[in-house]
Amino acid sequence: MNELLRRYADVLESLDAQGLLRRLPPSDKDGLLDFSGNDYMGLARRPELVAAAAEAGRLYGAGATGSRLLSGNTPAHEAFEARIAADKGSEAALIFNSGYQANAACIAALLDATALGAEPLVFADKLNHASMHLGCALAGARQLRYRHLDLEHLKALLEKHASEPRPKVILSESVFGMDGDQADIAALQDLALAHGALLYIDEAHATGVFGPRGYGLCEAVDLAPTTVVMGTMSKALGVSGGYVACAGIIRDYLVNKAGGFIFSTAPSPLTVGAGLKSWELLPGLGAERTALLHRAEALRQGLRRLGLDPGQSTTHIVPVILGTPERTLAAKDALAGQGIVVSAVRPPTVPQGASRLRIGLSAAHTDADIARLLGALGSL
Ligand code: PMP
(Lines give C-alpha, C1' and ligand atoms only; values in the text may rest on other atoms or scores of the structure.)
Protein backbone atom coordinates (compact mmCIF):
# COMPACT_ATOMS: atom_id res chain seq x y z
CA MET A 1 0.00 0.00 0.00
CA ASN A 2 1.10 3.57 -0.68
CA GLU A 3 2.95 5.01 2.36
CA LEU A 4 0.43 7.82 2.94
CA LEU A 5 -2.57 5.51 2.67
CA ARG A 6 -0.81 3.04 5.00
CA ARG A 7 -0.69 5.72 7.69
CA TYR A 8 -4.44 6.37 7.48
CA ALA A 9 -5.10 2.64 7.48
CA ASP A 10 -2.96 2.29 10.64
CA VAL A 11 -5.17 4.85 12.40
CA LEU A 12 -8.29 2.90 11.45
CA GLU A 13 -6.75 -0.38 12.65
CA SER A 14 -5.79 1.17 15.95
CA LEU A 15 -9.30 2.60 16.47
CA ASP A 16 -10.81 -0.79 15.63
CA ALA A 17 -8.54 -2.53 18.15
CA GLN A 18 -9.81 -0.17 20.87
CA GLY A 19 -13.50 -0.61 19.93
CA LEU A 20 -13.56 3.02 18.78
CA LEU A 21 -13.92 2.66 15.00
CA ARG A 22 -16.87 4.66 13.68
CA ARG A 23 -18.98 3.20 10.89
CA LEU A 24 -21.99 4.64 9.10
CA PRO A 25 -25.18 2.90 10.23
CA PRO A 26 -27.45 1.25 7.65
CA SER A 27 -29.28 3.88 5.62
CA ASP A 28 -32.54 1.94 5.46
CA LYS A 29 -34.36 2.09 8.79
CA ASP A 30 -37.77 1.07 7.50
CA GLY A 31 -39.67 -0.93 10.08
CA LEU A 32 -37.10 -0.27 12.82
CA LEU A 33 -37.83 1.48 16.11
CA ASP A 34 -35.40 4.39 15.99
CA PHE A 35 -34.02 6.17 19.07
CA SER A 36 -30.87 7.42 17.36
CA GLY A 37 -32.19 10.69 15.95
CA ASN A 38 -32.57 14.24 17.22
CA ASP A 39 -35.95 14.95 15.63
CA TYR A 40 -37.22 15.56 19.16
CA MET A 41 -40.61 17.01 18.22
CA GLY A 42 -41.20 14.61 15.33
CA LEU A 43 -41.32 17.51 12.87
CA ALA A 44 -38.85 16.43 10.17
CA ARG A 45 -41.49 14.69 8.06
CA ARG A 46 -44.34 17.09 8.66
CA PRO A 47 -45.94 18.02 5.30
CA GLU A 48 -46.16 21.71 6.33
CA LEU A 49 -42.37 21.89 6.45
CA VAL A 50 -41.93 20.24 3.08
CA ALA A 51 -44.57 22.59 1.59
CA ALA A 52 -42.86 25.64 3.14
CA ALA A 53 -39.51 24.50 1.70
CA ALA A 54 -41.09 24.13 -1.74
CA GLU A 55 -42.73 27.57 -1.52
CA ALA A 56 -39.46 29.25 -0.47
CA GLY A 57 -37.70 27.39 -3.29
CA ARG A 58 -40.32 28.60 -5.78
CA LEU A 59 -39.85 32.20 -4.62
CA TYR A 60 -36.07 32.31 -4.11
CA GLY A 61 -34.55 29.20 -5.73
CA ALA A 62 -33.18 25.89 -4.50
CA GLY A 63 -29.82 27.44 -3.73
CA ALA A 64 -28.89 30.83 -2.31
CA THR A 65 -26.34 31.38 -5.13
CA GLY A 66 -23.79 33.14 -2.92
CA SER A 67 -22.89 34.21 0.57
CA ARG A 68 -25.27 36.57 2.36
CA LEU A 69 -22.85 39.44 1.76
CA LEU A 70 -22.86 38.77 -2.00
CA SER A 71 -25.95 37.39 -3.75
CA GLY A 72 -27.40 35.09 -1.07
CA ASN A 73 -29.49 37.43 1.08
CA THR A 74 -33.22 36.80 0.58
CA PRO A 75 -36.38 38.02 2.34
CA ALA A 76 -36.70 34.45 3.72
CA HIS A 77 -33.35 34.72 5.53
CA GLU A 78 -34.23 38.12 6.95
CA ALA A 79 -37.73 37.05 8.03
CA PHE A 80 -36.36 34.01 9.85
CA GLU A 81 -33.75 36.08 11.70
CA ALA A 82 -36.32 38.69 12.71
CA ARG A 83 -38.54 35.95 14.09
CA ILE A 84 -35.70 34.26 16.02
CA ALA A 85 -34.67 37.57 17.59
CA ALA A 86 -38.25 38.42 18.58
CA ASP A 87 -38.89 35.01 20.14
CA LYS A 88 -35.54 34.77 21.90
CA GLY A 89 -35.92 38.27 23.31
CA SER A 90 -32.70 39.49 21.73
CA GLU A 91 -32.04 42.53 19.57
CA ALA A 92 -30.88 40.53 16.57
CA ALA A 93 -30.13 37.09 15.16
CA LEU A 94 -27.92 35.59 12.47
CA ILE A 95 -28.35 32.21 10.76
CA PHE A 96 -25.71 29.76 9.55
CA ASN A 97 -25.62 26.56 7.48
CA SER A 98 -25.24 24.37 10.55
CA GLY A 99 -24.90 24.55 14.28
CA TYR A 100 -21.34 23.29 14.00
CA GLN A 101 -20.51 26.13 11.65
CA ALA A 102 -22.28 28.68 13.88
CA ASN A 103 -20.28 27.64 16.95
CA ALA A 104 -16.95 27.41 15.17
CA ALA A 105 -17.39 30.75 13.39
CA CYS A 106 -18.99 32.78 16.19
CA ILE A 107 -16.81 31.57 19.05
CA ALA A 108 -13.65 32.05 17.00
CA ALA A 109 -14.69 35.61 16.12
CA LEU A 110 -15.88 36.51 19.64
CA LEU A 111 -12.61 35.29 21.20
CA ASP A 112 -10.41 37.22 18.79
CA ALA A 113 -7.58 38.69 20.85
CA THR A 114 -7.03 41.60 18.48
CA ALA A 115 -10.66 42.70 18.75
CA LEU A 116 -10.69 42.23 22.53
CA GLY A 117 -7.38 44.00 23.07
CA ALA A 118 -5.95 40.99 24.93
CA GLU A 119 -6.16 37.21 24.94
CA PRO A 120 -9.46 36.31 26.59
CA LEU A 121 -9.81 34.00 29.57
CA VAL A 122 -12.26 31.32 28.45
CA PHE A 123 -14.20 29.39 31.10
CA ALA A 124 -15.84 26.30 29.62
CA ASP A 125 -17.93 23.42 30.91
CA LYS A 126 -15.91 20.22 30.62
CA LEU A 127 -18.55 18.48 28.51
CA ASN A 128 -19.11 21.20 25.89
CA HIS A 129 -19.62 20.09 22.29
CA ALA A 130 -16.73 19.59 19.87
CA SER A 131 -17.81 22.59 17.76
CA MET A 132 -17.31 24.90 20.75
CA HIS A 133 -13.79 23.52 21.22
CA LEU A 134 -13.16 24.13 17.54
CA GLY A 135 -14.14 27.81 17.93
CA CYS A 136 -11.66 28.15 20.81
CA ALA A 137 -8.94 26.36 18.86
CA LEU A 138 -9.46 28.59 15.81
CA ALA A 139 -8.99 31.64 18.03
CA GLY A 140 -5.94 30.05 19.68
CA ALA A 141 -7.68 30.45 23.04
CA ARG A 142 -6.78 28.16 25.94
CA GLN A 143 -9.82 27.00 27.91
CA LEU A 144 -10.12 26.90 31.69
CA ARG A 145 -12.47 23.96 31.98
CA TYR A 146 -14.76 23.72 34.99
CA ARG A 147 -16.34 20.50 36.25
CA HIS A 148 -19.52 19.67 34.37
CA LEU A 149 -22.41 21.90 35.59
CA ASP A 150 -20.43 22.79 38.71
CA LEU A 151 -21.08 26.53 39.06
CA GLU A 152 -19.21 26.64 42.39
CA HIS A 153 -16.13 25.49 40.50
CA LEU A 154 -16.78 28.09 37.79
CA LYS A 155 -17.21 30.78 40.45
CA ALA A 156 -13.96 29.79 42.13
CA LEU A 157 -12.12 29.97 38.80
CA LEU A 158 -13.65 33.37 38.00
CA GLU A 159 -12.64 34.67 41.44
CA LYS A 160 -9.14 33.29 41.10
CA HIS A 161 -8.69 35.28 37.89
CA ALA A 162 -10.74 38.33 38.97
CA SER A 163 -7.79 40.68 39.18
CA GLU A 164 -6.51 39.85 35.68
CA PRO A 165 -7.42 42.61 33.26
CA ARG A 166 -8.09 40.14 30.42
CA PRO A 167 -11.61 39.90 28.92
CA LYS A 168 -13.61 36.91 30.17
CA VAL A 169 -15.95 34.59 28.30
CA ILE A 170 -18.06 31.69 29.64
CA LEU A 171 -19.13 28.86 27.30
CA SER A 172 -21.79 26.25 28.09
CA GLU A 173 -24.50 24.16 26.53
CA SER A 174 -27.98 24.56 28.05
CA VAL A 175 -29.20 20.96 27.64
CA PHE A 176 -26.16 18.73 27.26
CA GLY A 177 -26.39 16.53 24.20
CA MET A 178 -24.77 13.37 25.52
CA ASP A 179 -25.99 13.48 29.14
CA GLY A 180 -29.41 15.08 28.88
CA ASP A 181 -28.86 17.26 31.94
CA GLN A 182 -29.39 21.02 32.16
CA ALA A 183 -27.40 24.10 33.05
CA ASP A 184 -28.88 26.78 35.31
CA ILE A 185 -28.94 29.61 32.76
CA ALA A 186 -30.08 32.36 35.16
CA ALA A 187 -27.25 31.47 37.58
CA LEU A 188 -24.73 31.36 34.73
CA GLN A 189 -25.85 34.78 33.54
CA ASP A 190 -25.66 36.20 37.08
CA LEU A 191 -22.09 34.90 37.41
CA ALA A 192 -21.16 36.27 34.00
CA LEU A 193 -22.58 39.69 34.82
CA ALA A 194 -20.89 39.76 38.24
CA HIS A 195 -17.53 39.15 36.57
CA GLY A 196 -18.06 41.28 33.49
CA ALA A 197 -17.90 38.18 31.29
CA LEU A 198 -19.53 37.46 27.95
CA LEU A 199 -21.82 34.42 28.24
CA TYR A 200 -22.26 32.08 25.24
CA ILE A 201 -24.97 29.41 25.54
CA ASP A 202 -25.51 26.56 23.08
CA GLU A 203 -29.21 25.64 22.97
CA ALA A 204 -28.86 22.97 20.27
CA HIS A 205 -30.71 20.35 22.32
CA ALA A 206 -33.08 22.68 24.17
CA THR A 207 -34.55 24.58 21.24
CA GLY A 208 -37.99 23.19 20.51
CA VAL A 209 -38.24 21.16 23.71
CA PHE A 210 -37.89 23.65 26.58
CA GLY A 211 -39.26 27.10 27.31
CA PRO A 212 -42.90 28.19 27.63
CA ARG A 213 -43.22 28.42 23.82
CA GLY A 214 -40.47 25.95 22.98
CA TYR A 215 -37.75 28.50 22.29
CA GLY A 216 -35.21 27.01 24.67
CA LEU A 217 -34.13 27.19 28.29
CA CYS A 218 -33.03 30.81 27.76
CA GLU A 219 -36.61 31.80 26.98
CA ALA A 220 -37.32 32.01 30.71
CA VAL A 221 -34.36 34.36 31.28
CA ASP A 222 -34.13 38.08 30.56
CA LEU A 223 -31.09 38.04 28.30
CA ALA A 224 -28.33 40.57 28.95
CA PRO A 225 -26.80 42.28 25.89
CA THR A 226 -23.60 40.38 26.73
CA THR A 227 -25.33 36.99 26.52
CA VAL A 228 -25.16 35.23 23.15
CA VAL A 229 -27.54 32.32 22.57
CA MET A 230 -26.78 29.82 19.86
CA GLY A 231 -29.03 27.03 18.61
CA THR A 232 -29.70 24.69 15.71
CA MET A 233 -32.53 24.02 13.29
CA SER A 234 -31.20 20.48 12.84
CA LYS A 235 -32.62 18.82 15.93
CA ALA A 236 -36.12 19.54 17.32
CA LEU A 237 -36.90 21.80 14.35
CA GLY A 238 -36.34 18.82 12.08
CA VAL A 239 -34.50 20.73 9.34
CA SER A 240 -30.89 21.98 9.33
CA GLY A 241 -28.95 25.14 10.09
CA GLY A 242 -27.72 27.13 13.06
CA TYR A 243 -28.43 30.52 14.59
CA VAL A 244 -27.19 32.97 17.15
CA ALA A 245 -29.50 35.41 18.96
CA CYS A 246 -27.54 38.36 20.29
CA ALA A 247 -27.16 42.12 20.65
CA GLY A 248 -27.29 44.10 17.39
CA ILE A 249 -23.69 45.15 17.80
CA ILE A 250 -22.59 41.52 18.09
CA ARG A 251 -24.55 40.58 14.97
CA ASP A 252 -22.90 43.41 13.04
CA TYR A 253 -19.49 42.28 14.35
CA LEU A 254 -20.14 38.66 13.30
CA VAL A 255 -21.28 39.78 9.82
CA ASN A 256 -17.84 41.39 9.50
CA LYS A 257 -15.65 38.88 11.32
CA ALA A 258 -17.22 35.38 11.43
CA GLY A 259 -15.48 33.43 8.65
CA GLY A 260 -18.15 30.72 8.53
CA PHE A 261 -20.69 33.43 7.74
CA ILE A 262 -18.64 35.56 5.35
CA PHE A 263 -17.02 32.84 3.24
CA SER A 264 -19.85 30.29 3.01
CA THR A 265 -22.83 30.26 0.66
CA ALA A 266 -25.97 31.30 2.55
CA PRO A 267 -28.31 28.55 3.78
CA SER A 268 -30.58 27.29 0.99
CA PRO A 269 -34.00 28.98 0.80
CA LEU A 270 -35.42 25.44 1.04
CA THR A 271 -34.02 24.92 4.53
CA VAL A 272 -34.74 28.50 5.58
CA GLY A 273 -38.39 28.20 4.50
CA ALA A 274 -38.81 24.88 6.29
CA GLY A 275 -36.93 26.13 9.35
CA LEU A 276 -39.13 29.19 9.72
CA LYS A 277 -42.30 27.10 9.36
CA SER A 278 -41.04 24.70 12.02
CA TRP A 279 -40.13 27.62 14.31
CA GLU A 280 -43.68 28.95 13.93
CA LEU A 281 -45.17 25.58 14.89
CA LEU A 282 -43.27 25.35 18.20
CA PRO A 283 -45.58 27.42 20.45
CA GLY A 284 -48.50 25.12 19.54
CA LEU A 285 -46.66 21.98 20.69
CA GLY A 286 -46.92 22.48 24.47
CA ALA A 287 -48.87 19.25 25.05
CA GLU A 288 -46.35 17.26 22.97
CA ARG A 289 -43.47 18.75 25.00
CA THR A 290 -45.11 17.75 28.29
CA ALA A 291 -45.81 14.22 27.03
CA LEU A 292 -42.25 13.86 25.73
CA LEU A 293 -40.73 14.80 29.09
CA HIS A 294 -43.12 12.47 30.96
CA ARG A 295 -42.15 9.60 28.69
CA ALA A 296 -38.48 10.37 29.32
CA GLU A 297 -39.09 10.18 33.07
CA ALA A 298 -40.88 6.85 32.64
CA LEU A 299 -37.91 5.56 30.66
CA ARG A 300 -35.44 6.63 33.37
CA GLN A 301 -37.51 4.95 36.06
CA GLY A 302 -37.70 1.78 33.95
CA LEU A 303 -33.94 1.81 33.41
CA ARG A 304 -33.27 2.17 37.14
CA ARG A 305 -35.61 -0.75 37.84
CA LEU A 306 -33.45 -2.80 35.48
CA GLY A 307 -30.33 -1.72 37.36
CA LEU A 308 -29.19 0.46 34.43
CA ASP A 309 -27.71 3.93 34.85
CA PRO A 310 -29.33 6.93 33.07
CA GLY A 311 -26.78 9.30 34.62
CA GLN A 312 -28.08 12.74 35.58
CA SER A 313 -30.55 13.04 32.69
CA THR A 314 -33.60 15.22 33.32
CA THR A 315 -34.61 15.66 29.68
CA HIS A 316 -35.62 13.87 26.49
CA ILE A 317 -32.00 12.69 26.05
CA VAL A 318 -31.43 9.60 28.15
CA PRO A 319 -28.05 7.86 28.30
CA VAL A 320 -27.59 4.29 29.42
CA ILE A 321 -24.07 4.44 30.80
CA LEU A 322 -22.33 1.11 30.33
CA GLY A 323 -18.66 2.05 30.77
CA THR A 324 -16.58 0.32 28.13
CA PRO A 325 -16.82 0.68 24.34
CA GLU A 326 -17.06 -3.11 24.00
CA ARG A 327 -20.03 -3.42 26.35
CA THR A 328 -21.74 -0.50 24.64
CA LEU A 329 -21.27 -1.87 21.13
CA ALA A 330 -22.48 -5.30 22.21
CA ALA A 331 -25.66 -3.77 23.70
CA LYS A 332 -26.27 -1.67 20.59
CA ASP A 333 -25.88 -4.74 18.35
CA ALA A 334 -28.17 -6.82 20.56
CA LEU A 335 -30.87 -4.11 20.37
CA ALA A 336 -30.39 -3.90 16.60
CA GLY A 337 -31.06 -7.65 16.50
CA GLN A 338 -34.47 -6.86 17.99
CA GLY A 339 -35.19 -4.10 15.47
CA ILE A 340 -34.28 -1.20 17.79
CA VAL A 341 -31.79 1.47 16.78
CA VAL A 342 -29.82 3.43 19.40
CA SER A 343 -26.48 5.24 19.18
CA ALA A 344 -23.36 3.84 20.83
CA VAL A 345 -21.36 6.84 22.05
CA ARG A 346 -17.72 6.26 22.92
CA PRO A 347 -14.60 8.34 23.59
CA PRO A 348 -13.60 10.90 22.49
CA THR A 349 -17.25 12.06 22.24
CA VAL A 350 -17.67 11.13 25.93
CA PRO A 351 -14.96 10.71 28.62
CA GLN A 352 -13.06 7.44 29.07
CA GLY A 353 -15.10 4.94 31.08
CA ALA A 354 -18.38 6.66 30.23
CA SER A 355 -19.31 4.90 26.99
CA ARG A 356 -23.05 4.71 26.66
CA LEU A 357 -26.09 4.06 24.61
CA ARG A 358 -27.72 7.38 23.79
CA ILE A 359 -31.49 7.32 23.59
CA GLY A 360 -33.00 10.35 21.91
CA LEU A 361 -36.73 10.47 22.56
CA SER A 362 -39.11 12.10 20.16
CA ALA A 363 -42.69 13.31 20.45
CA ALA A 364 -43.41 10.71 17.76
CA HIS A 365 -42.52 7.83 20.14
CA THR A 366 -45.34 6.16 22.07
CA ASP A 367 -45.59 4.59 25.53
CA ALA A 368 -45.57 1.21 23.76
CA ASP A 369 -42.23 2.12 22.09
CA ILE A 370 -40.71 2.85 25.51
CA ALA A 371 -42.08 -0.43 26.89
CA ARG A 372 -40.55 -2.30 23.93
CA LEU A 373 -37.18 -0.62 24.45
CA LEU A 374 -37.20 -1.44 28.17
CA GLY A 375 -38.20 -5.03 27.42
CA ALA A 376 -35.30 -5.38 25.01
CA LEU A 377 -32.82 -3.79 27.43
CA GLY A 378 -34.06 -6.08 30.19
CA SER A 379 -33.34 -9.14 28.08
CA LEU A 380 -29.70 -8.20 27.34
N1 PMP B 1 -23.94 22.01 19.49
C2 PMP B 1 -24.28 20.86 20.10
C3 PMP B 1 -24.38 20.86 21.58
C4 PMP B 1 -24.55 19.71 19.36
O5 PMP B 1 -24.86 18.57 19.96
C6 PMP B 1 -24.46 19.77 17.95
C7 PMP B 1 -24.79 18.57 17.06
N8 PMP B 1 -24.42 17.35 17.51
C9 PMP B 1 -24.08 20.97 17.36
C10 PMP B 1 -23.84 22.07 18.14
C11 PMP B 1 -23.94 21.08 15.88
O12 PMP B 1 -25.18 21.31 15.29
P13 PMP B 1 -25.48 20.88 13.80
O14 PMP B 1 -25.83 19.42 13.83
O15 PMP B 1 -26.63 21.75 13.42
O16 PMP B 1 -24.25 21.16 13.01
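Predicted model: local features only at pLDDT ≥ 70, side-chain atom pairs only at ≥ 80, totals over all residues.
1. An N or O atom in the side chain of Ser234 is 2.7 Å from an oxygen atom of the ligand, while a backbone N or O atom of Tyr100 lies 2.9 Å from an oxygen atom of the ligand. On the nitrogen side, a polar side-chain atom of Lys235 lies 3.1 Å from a nitrogen atom of the ligand. The ligand taken alone exposes 400 Å², and the protein buries 82% of that area.

2. The aromatic rings deserve a separate point, with a count of 4 aromatic pairs. Phe80 and Trp279 have ring centres 6.1 Å apart and planes at 75°, and because an angle over 60 degrees counts as edge-to-face, the pair is assigned to that class. Since Phe80 belongs to helix H3 and Trp279 to helix H11 (residues 269-281), this pair ties together parts that are 199 residues apart in sequence. Both Phe80 and Trp279 are buried.

3. Trp279 also pairs with Tyr215: the ring centres are 4.5 Å apart and the planes stand at 25°, so this pair is stacked. The pair again links distant parts of the chain, with Tyr215 in the loop between strand E6 (198-202) and strand E7 (227-232) and Trp279 in helix H11, 64 residues apart. Tyr215 counts as buried because its relative accessibility is 0%, and Trp279 is likewise buried, with a relative accessible area of 0%. Phe80, Tyr215, Tyr243 and Trp279 form one aromatic cluster.

4. A cis peptide bond, with omega about 10°, joins Pro347 and Pro348, and Pro348 is placed in the loop between strand E11 (343-345) and strand E12 (355-360).

5. Positive phi values occur at two residues other than glycine, Thr65 with phi near 75° and Leu149 with phi near 65°. Thr65 sits in the loop between helix H2 (47-60) and helix H3 (75-88), and it is exposed, with a relative accessible area of 65%. Leu149 lies in the loop between strand E4 (143-146) and helix H7 (151-160), and counts as partly exposed at 29% relative accessibility.

Technical notes: Residues numbered from 1 in each chain as written. Heavy atoms only, no water. Polar contact = N/O pair within 3.5 Å; in protein donor to acceptor, adjacent residues only side chain to side chain. Areas by Shrake-Rupley, 256 points an atom, 1.4 Å probe, with all protein chains shown as cover. Helix = DSSP H or I, 4+ residues; strand = E, 2+ residues; numbered from the N terminus. Buried < 20%, exposed > 50% of the residue type's maximum accessible area, 1.4 Å probe, protein only. Phe/Tyr/Trp six-rings, centres within 6.5 Å; stacked < 30°, edge-to-face > 60°.
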